[in-house]
Amino acid sequence: MATFRTLSMLKQMSTTWCRRKHAFVCSSYSTRPPKSEDKPVDSASKDKRSKLFVKAKPKKVLEIHSIIKPSSVVSKYRECEETGGGELDKDAVKMVLEEFSRSSEIRTLCRENDISPDLFRTTFQSFSTMCLEDKLRFDIHLLLNILTIDKGDVGMLFPYYLGYSQEMFPHLKSMNMLKGLTDLTSPAQWYVETRAKTRKIVMHVGPTNSGKTYHAMKRFLKAESATYCCPLRLLAMEICNSSNDQGVPCDLKTGELVTFADENNQPGNHVACTVEMTNLKDNYDVAVIDEIQMIQNLDRGWAWTQAFLGLKADEIHVCGEEAAVPLIKNLAVLTGDTVEVNEYTRLNPLMYLSTALEKYENVMPGDCIICFSKEVIFDVSAELNKRGVLTAIIYGNLPPATKIAQAKQFNDPLDPCKVLVATDAVGLGLNLNIRRIVFHSLSKGNRRWGRINSSLVRHIAGRAGRFGHIYPKGYVTTFKKSDLYSLHELKNEKVIPIQSAGLQPTPEQMELFSNHLPDASLKNLLIMFEHMAKHDKENFFMCELNQMKKLAELIDNIGLPTKDKFQYSHVPVDTDSEVQCDFFVQCATKHFYEEPISISWLTSHLGWPLEMPTTVADLKDMETIFNCLDVYLWLSKCYPNIYQDEERVREIQKELEIWIEDGLKACLFEKLNLAQKRKLEMQTLKRKISSDNPEKQELEKPAARSDSAKSPKRDEKPNDKNNDMLDLIKFLKKGGMSEKRFKTLSKQLQFDPNFISSQPLIGKHPMKTRPDKMKVLKYLEKMEKDKYQK
């Protein structure tokens, strides 16, 4: 019988061919009857059955008592001497307790006192055990004796049960206070001084390259006092530099860096900052909040909400996508402000092509290939380098100075590097001369359903053909032909209005919340706050606190005050990096022991001396070290007495930036053989020679600089060797440097470049015989100019 049963089961199994095992394997088991016995199934039941496989399991509601250890309270009810009332009938007491647990009146009283069914089961079990003890306090013993003899109302026992539960779980005593602290239904009223004034909200909405930020910045520059809030450090630095160049002194404030335009380091009237560093205490005439659509970001959306609701400015200029207009109007109703909407259209045309790139041979100057993985970036760059095409590389984990250097190399008309390979990090903070955007893939990460959204596609695509740059028209396409349809589908998707803005507990709220739960860890406090929080679901949502909870878990065993732990939980640490997490914990530990973190401890902990990165893995390690130093600088702004060597750390970071930039080139050349390296060098020289062609130079000149061609030029002497040397130095400064050319230049000038070189702070560079080239070139340029003038 067992054999026949096995055979009948095998007939119902669906099998598939497995290439790895070279055999048929069972992929599923069906318990359906044979087809001949099948009954017709209506469509409604079929749909209902199919939904069973996609319906997610309901999330279990978190109970606060599950993350709090109960206190032992039995001894408090056994402190008295013998009651003298005789022994209680244990069976009768059990019947009273059973009636108590089943009473609907008791359940109602429990709900009114925030005792959930799960919590009731936990506390009532302990309370019942206590009531059956031999020695009880006189008042409880007397009440139980009355209830067992006279069959009184069991509700008389509830005050004792409630007191016992509150002793067992102390948070029950302060539930009303905790509910008040987690009430986030009116975040606009948190900023009392801001609500005292009626602000003018001016929205600048439109696609990328429509001039919306430009119009907002005109008011920023004209105002007597103003602040600019943006998502990226690079963007804040660009605005700060641009403002200072136009004669308006502007300070810079990010998590890691604070600089002042004033020589005496006094705060000025204008400041550019990252949105998390927005100053809500000072009054401004004008405030600019850029990229307002990020108010819906699950992790950082709270910062835009805080800036919009709390900034004390007469005018607030909000820049971003059109999808944010309905939400901002709704928020303005809550704040009592007026709203004015200015819509803009793209300044330069943008065309989505109907043909894909398909081959690396089809790459042209001005192309930017968008990849969503660092490994893919290096693979694509290596393929292009094999074909003699120099590339610049930009991705999110690169230091800011390295990103700027790569962007300058790509933008420079005299530089042979004319192709950029980057992640979506190019979407913000960098002005690039891009002619065509090529999406290498439309999937972000290795997930099966990781297709990017239409907003990101439009934002990245808008970087092509920017107004005032070299290319008057932008193009967008994909590398794979199979992605073209998806690209046009994403382009034509309707813009979905943003429904709600992010919220997060403030440090003050968390401090008061922790005061009522002194024994709870920070992670548990965050979980409880998230569970208890109430908000206006029509306009707001709670941001995810996963990053904060991960960092809180790392330092919960360290005895820092909750306020300091909450501050540490905001540090920009990559929780997937073991090195960064270990460094973070070590810093918090030394802070607990009040030990200043010296530069010697820092260097020894991070593995000094370092070595030049030659592989992608080495480069990633050096980027991790750079990020650890960013963590140090971030904490130095909060705890300057512990993190005292800020200036030395900045000097180390400057050297690391040079190493990382050199490491980028080393990683690319590592994948090339000798013949390919020589071919690339020859292609570089040919492009240098062709760049001397005046017709090509005329084509590469941006339209905005056409008036500079009409300016009178200095008389040139074709046979003047000194002038030729200046041109050579200029070319080398623009990125045409190589070891061979540098040595040749030194011999021609009979110049020893090593005297200007400074000692490294971070270790022995494998090319340390090479001095600081830029310093040498600046010195040579000055020397040759002096000769020319004489």
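1. Ground rules. This is a predicted model, where local features need pLDDT of at least 70 and side-chain atom pairs count only at pLDDT 80 or more, while totals for chains, interfaces and linings use all residues. Residues are numbered from 1 along each chain as its sequence is written, and side-chain values use heavy atoms, with hydrogens and water left out. Helices (H or I, at least four residues) and strands (E, at least two) are DSSP runs, numbered from the N terminus.

2. Helices α3 and α5. Start with α3 (residues 90-102), which packs with α5 at an angle of about 160 degrees, the axes being 11 Å apart. Axes here are lines fitted to C-alpha atoms, for helices over the stretch in contact, and angles run from 0 to 180 degrees between N-to-C directions. The two helices are therefore roughly antiparallel to each other. On the α3 side, Val93, Leu97, Phe100 and Ser101 make the contact, and on the α5 side Phe120, Phe124, Phe127, Ser128 and Cys131 do. Contact means heavy atoms within 4.5 Å. Sorted by class, the residues of this contact are 7 nonpolar, 2 polar and no charged. For that sorting, Ala, Val, Leu, Ile, Met, Phe, Trp, Tyr, Cys and Pro count as nonpolar, Asp, Glu, Lys and Arg as charged, and the others, Gly among them, as polar.

3. Helices α5 and α7. Now look at α5 (residues 117-131) against α7 (residues 158-168): they pack at an angle of about 110 degrees, with axes 10 Å apart. That makes α5 roughly perpendicular to α7. The contact includes Phe120, Phe124 and Phe127 of α5, and Tyr160, Tyr161 and Tyr164 are among the residues of α7. In total, this contact has 8 nonpolar, 4 polar and no charged residues.

4. Helices α20 and α22. Further along, α20 (residues 546-555) and α22 (residues 578-592) pack at about 55 degrees, with their axes 9 Å apart. They are therefore oblique to each other, and α20 passes α22 in a right-handed crossing. Leu551, Leu554 and Ile555 of α20 meet Cys581, Phe584, Val585 and Ala588 of α22.

5. Two strands pair if DSSP finds at least two bridges between them. Inside the sheet, β5 (residues 226-230) and β8 (residues 270-274) pair in the parallel sense over 5 bridges, and threonine 227 has valine 271 of β8 as its bridge partner.

6. The sheet of 6 strands. Here the pairing is parallel, and the open sheet runs β12-β17-β16-β13-β15-β14. Which strands stand at the edges? They are β12 (350-352) and β14 (391-394), each with a single partner strand, so one side of each is left without a neighbour. From one strand to the next, the twist averages 20 degrees. Helix α15 (residues 400-411) packs on this sheet, touching β13 (367-370), β14 and β15 (419-422). Helix α17 (residues 484-491) lies across β12, β16 and β17, at about 130 degrees to β17.

7. Salt bridges. A search of the whole structure finds 24 of them, each being a side-chain nitrogen of Lys or Arg within 4 Å of a carboxyl oxygen of Asp or Glu. One links arginine 219 and glutamate 315, with the closest N and O atoms 3.2 Å apart. Arginine 219 sits in helix α10 (residues 212-222) and glutamate 315 in strand β10 (residues 312-320), so the pair ties together parts 96 residues apart in sequence.

How values were computed
Angles under 35 degrees count as roughly parallel, over 145 as roughly antiparallel, 65 to 115 as roughly perpendicular and the rest as oblique. A crossing is left-handed if the near helix is turned anticlockwise from the far one by less than a right angle, and right-handed if clockwise.
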